[in-house]
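Here are a few exercises to work through with the model open beside you. Try each one before reading its solution.

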Amino acid sequence: MSVQLMPPFNLTSSTPATFILAGIPGMEKSHIWISIPFCSMYLAALLGNGALLFVVSTEQSLHQPMYLLLSMLAVTDLMLSTTTVPKMLALFWFSAGEISFGACLTQVFFLHFASSAESMILMAMAFDRFVAICYPLRYAAVLTQSAIAKTGLVILLRSFCIIFPCVFLLKRLPFCGHNVIPHTYCEHMGIARLACADISVNIVYGLAMPVAAAVLDVVLIAVSYILILQALFRLPSRTARCKAFNTCVSHVCVIFLFYIPVFFTVLTHRFGQEIPHHVHILLANLYILFPPLLNPIVYGVRMRQIKEKFMKVFLCSSVHFLQG
């Protein structure tokens with residue numbers, strides 16, 4: 001009489017012991033080659049955001065609202081990429097696609113949490129520019145370090161309140177043995193589609209709440225910049241207009257870098273059924289890599305203070321290294 005081994009999960013139960021990340025369907029043979037640019041972009045994002053945080057933290061003159069918000073953005077970018085990319089590279093290099101149910105839910109939470117937080121940080125940065133240009137004399141009184149700290153707390157609370165229900169909605173689903181995720185990382189709808197139950201609530205909440213929050217942020221950002229443009233046109237001198245406009249260019253670039261991939265990914269995911277699945281996966285991966293990679297570059301190139309302080313810190317570090 002043979003002994004039948006128990007499966008790794010109960011087919012009538014709710015939770016598989018592990019999920020299997022399948023990578024990019026149809027491109028398995030290219031995983032190694034795809035990993036090269038992905039790894040390069042991730043390392044560049046770590047270096048750029050790490051350098052930005054180091055410069056802002058070590059330079060007292062940069063402890064101002066705009067740079068503190070920029071530091072929040074850098075931390076969020078690091079969370080967004082580090083939540084997913086290391087596991088993705090392990091999958092590409094070592095075929096290590098197995099991930100526990102708890103780790104998968106953790107990845108879902110921090111991925112969507114970082115995305116929601118980044119959206120609200122961009123809104124806060126738009127408000128910073130609005131006050132600086134439209135009410136310059138009140139800037140120091142309105143945007144104090146205490147106000148920035150409270151803004152950071154609100155960002156954390158809102159992002160948590162939006163994303164935590166997604167984790168709860170996933171935990172209640174039965175999976176009936178389905179545990180292969182055709183993706184490079186765990187995300188809410190990718191897991192929900194494996195369930196052998198009605199996922200209408202997951203679909204409605206997963207689309208409605210994050211998109212509604214992002215649309216609200218975009219509307220408030222747009223209102224801020226309409227008011228900023230009106231204020232710019234009222235400035236008497238062309239030099240003053242150009243100077244004020246240049247302070248906004250970097251932020252506008254970062255807004256487009258974040259929101260265009262977000263909305264494009266959502267729209268193609270929901271309505272682009274004819275688009276091959278591997279294209280969806282590649283777009284989703286670029287979404288978590290491009291903003292963290294390009295944000296420090298945009299701010300480093302466009303903002304004179306960041307460039308000057310970075311060169312100062314870099315030169316001082318080099319001198320200390322050579323003297324030591």
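Helices here are DSSP runs of H or I with at least four residues, strands are runs of E with at least two, and both are numbered from the N terminus. Keep in mind that the model is predicted.

**Exercise 1. Count the helices and strands of the protein, then write down their order.**

Solution. Start with the count: the protein has eleven helices and three strands. Next, read from the N terminus, which gives β-α-α-α-β-α-α-α-β-α-α-α-α-α.

**Exercise 2. Work out the strand order of the sheet and the sense of its pairing.**

Solution. Take the pairs one at a time.
- Strands S1 and S2 run antiparallel and are joined by three bridges. Here threonine 18 has serine 100 in S2 as its bridge partner.
- Strand S1, residues 18-21, pairs with S3 in the parallel sense, over two bridges. For isoleucine 20, the bridge partner in S3 is valine 180, while leucine 21 stands opposite isoleucine 181.

Putting the pairs together gives an open sheet of three strands in the order S2-S1-S3, and the pairing is mixed. S2 (98-100) and S3 (180-181) each have a single partner strand, so these edge strands are left with one side that has no neighbour in the sheet.

**Exercise 3. Find which strands helix H4 touches, and the angle its direction makes with that of S2.**

Solution. Helix H4 covers residues 101-134 and packs on the sheet. Checking strand by strand, H4 touches S1, S2 and S3. The directions of H4 and S2 make an angle of about 85 degrees.

**Exercise 4. Compare the span of helix H2 with the expected value, then decide whether H2 is mostly covered or mostly open.**

Solution. H2 takes in residues 65-82, which is 18 residues. From first C-alpha to last, H2 reaches 26 Å, close to the 26 Å expected at 1.5 Å a residue. For cover, count residues with under 20% relative accessible area as buried. In H2, 13 of the 18 residues are buried, and the helix is mostly covered.

Methods: Residues are numbered from 1 along each chain as its sequence is written. This is a predicted model: local features need pLDDT of at least 70, side-chain atom pairs count only at pLDDT 80 or more; totals for chains, interfaces and linings use all residues. Side-chain values use heavy atoms; hydrogens and water are left out. Two strands pair if DSSP finds at least two bridges between them. Contact means heavy atoms within 4.5 Å. Axes are lines fitted to C-alpha atoms, for helices over the stretch in contact, and angles run from 0 to 180 degrees between N-to-C directions. The expected span of a helix is 1.5 Å times one less than its number of residues. Buried means under 20% relative accessible area, exposed over 50%, partly exposed in between (1.4 Å probe, protein chains only).
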